[in-house]
Amino acid sequence: MAQDLTPVRDGIDKIDNTIVELLKERLSLAKTIGKLKNESKRAKWDPLRERQIYERLTKLNDGVFPKDALHSIFHEIITTCRLSQQKIAVSYLGPEATFTHLAGVKYFGHSATYSPMESIADVFSEVEKGRTQYGIVPVENSIEGAVFSTLDSFMKFRTKICGEVRMEITHNLVCKSGDIKDIQTVASHTQPLAQCREWLRKHLPTCPTLPVFSTGAAAQMAANNPNIGAIASSLAIKTYELQVVVKGIEDYRGNTTRFLVIGKESPTPSGADRTSLLLGIKERPGALNEILSVIARAGINLAKIESRPIKGKQWKYLFFLDLMGHIDDQHIKDCCTTLKALCSYFEWLGSYPVTEESSPDA
Ligand SMILES: C=C(O[C@@H]1C=C(C(=O)O)C=C[C@H]1O)C(=O)O
């Protein structure tokens, strides 16, 4: 005879009741803090406090409850509490169910309002005009490198970087029927098409590829045309009611994309931050070397350097540099003062907390 589960389930129900009561209490305390912050004009988002909470809870948990699950649960709780102090609107590279959309939800939780945009430049424009407080854009992929339209938009729009999201990307080949024989064209954004180049050459050698402006747009096309296959996210499969043909068709494992959260202001230091700069370098021998030496002498870790041509000025470039540290850290501040004097152009793009990697399906 089956064991009676009722007494144990009663125990779980009691715990769930307590959790809900405590969540309501936590939300109410967060709202009180929100009011106090309003009075003293303090920023609602406090990354240092949030990092300390995660660290404290991880220690308290002692590994009994799976670490990533605990983090996800508290991420949703904390973002909901933060959103209760201030409603947050986020624009992203749409349509619905792109990897950028997923990255946004990972970062801001489910309670924020999300607006899809047609291009990366449109996301920047929305934020610059103040129509959404935040925007989320892809900036680099571990296999394909920089996302140029994002870098170029930093040269064009006045926004600040507020945060980053790192997400392991798994590409799925999808179509309406789920049968590979129905696919005559494979549509996706140029980056996923490039990241799956070898797989497509081997398994669909005669199928032309069709670059479109996002993975969400490709999924939409596949939903409307049974002969179009799309390379898209797992969220797109649900959103557009598609069938999986093959999961994980990327040519290399560990395919990770870094996304940036852009807004009007960078957050206060969290204790583990990255500072992004946009520099113009004087045209003289050794100028770049001089810049790098300043950073090296200050003992600052240069996490990234990338150059982009300046539109309309032939053979002129701007450099994107990422330094480990926050602009409010004295050694970063001093280094930036020296760089400003040495460079033909200097712009601080933002200082923001470094985040850990996470998988989209986690
Ligand atoms: C409640 C606060 O506001 C925000 C929400 C937090 C939370 O839910 O724990 C923590 C830091 C802030 O980003 C706070 O500053 O304490």
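These legends describe close-up views of a predicted model.

Numbering starts from 1 along each chain as its sequence is written. Because the model is predicted, local features need pLDDT of at least 70 and side-chain atom pairs count only at pLDDT 80 or more, while totals for chains, interfaces and linings use all residues.

**Figure 1. The whole chain.** The chain holds 12 helices and 16 strands. Helices (H or I, at least four residues) and strands (E, at least two) are DSSP runs, numbered from the N terminus. The radius of gyration, taken over C-alpha atoms, is 23 Å. That is close to the 21 Å from the globule rule for 362 residues, so the chain is as compact as a globular protein of that length. The rule is 2.2 Å times the number of residues to the power 0.38. The C-alpha trace spans about 85 × 60 × 35 Å along its principal axes. Of the contacts with a separation of 6 or more, 75% join residues 24 or more positions apart. Two residues are in contact if their C-beta atoms, placed from the backbone, lie within 7 Å.

**Figure 2. Domains and record annotations.** The domain assignment gives domain 1 (12-85), domain 2 (172-246) and domain 3 (273-353). Such bounds come from an automatic or database domain assignment. The centres of domain 1 and domain 2, taken over C-alpha atoms, are 39 Å apart. An unreviewed UniProt entry lists "domain: Prephenate dehydratase" at residues 89-264. Over residues 89-264 the chain is 32% helix and 32% strand, with end C-alpha atoms 13 Å apart. For residues 276-353 the unreviewed UniProt entry gives "domain: ACT". Here the figures are 31% helix and 38% strand, with 12 Å between the end C-alpha atoms. UniProt annotations may be inferred rather than shown by experiment.

**Figure 3. The shell around the ligand.** Ala 30, Ile 33, Trp 45, Asp 46, Arg 49, Glu 50, Ile 53, Ile 78, Cys 81, Arg 82 and Gln 85 surround the ligand. A residue counts as near if its C-beta atom, placed from the backbone, lies within 6 Å. Helix 1 (6-39), helix 2 (47-61) and helix 3 (67-85) each give at least two residues to the shell. Helix 3 supplies the largest share, four residues. By class, the shell has six nonpolar, one polar and four charged residues. Nonpolar means Ala, Val, Leu, Ile, Met, Phe, Trp, Tyr, Cys and Pro; charged means Asp, Glu, Lys and Arg; the others, Gly among them, are polar.

Figure 4. The Gly 94 to Pro 95 peptide bond is cis, with omega near -5°. Pro 95 sits in the loop between strand 1 (89-93) and helix 4. Ala 97 lies in that loop too. Its phi is positive, about 75°, although Ala 97 is not a glycine. Most residues other than glycine have a negative phi, and most peptide bonds are trans. Ala 97 is buried, with 23 C-beta neighbours inside 10 Å. Buried means 20 or more other C-beta atoms within 10 Å, exposed 12 or fewer, and partly exposed in between, with C-beta atoms placed from the backbone. In helix 4 (residues 99-108), 10 of the 10 residues are buried, so this helix is largely enclosed by the rest of the structure. Among them are Phe 99, His 101, Lys 106 and Phe 108. Just after helix 4, Gly 109 has a positive phi of about 80°.

**Figure 5. The loop at Glu 241.** Glu 241 is in the loop between helix 10 (234-239) and strand 10 (243-246). Its phi is positive, near 50°. Glu 241 is exposed, with 10 other C-beta atoms within 10 Å.
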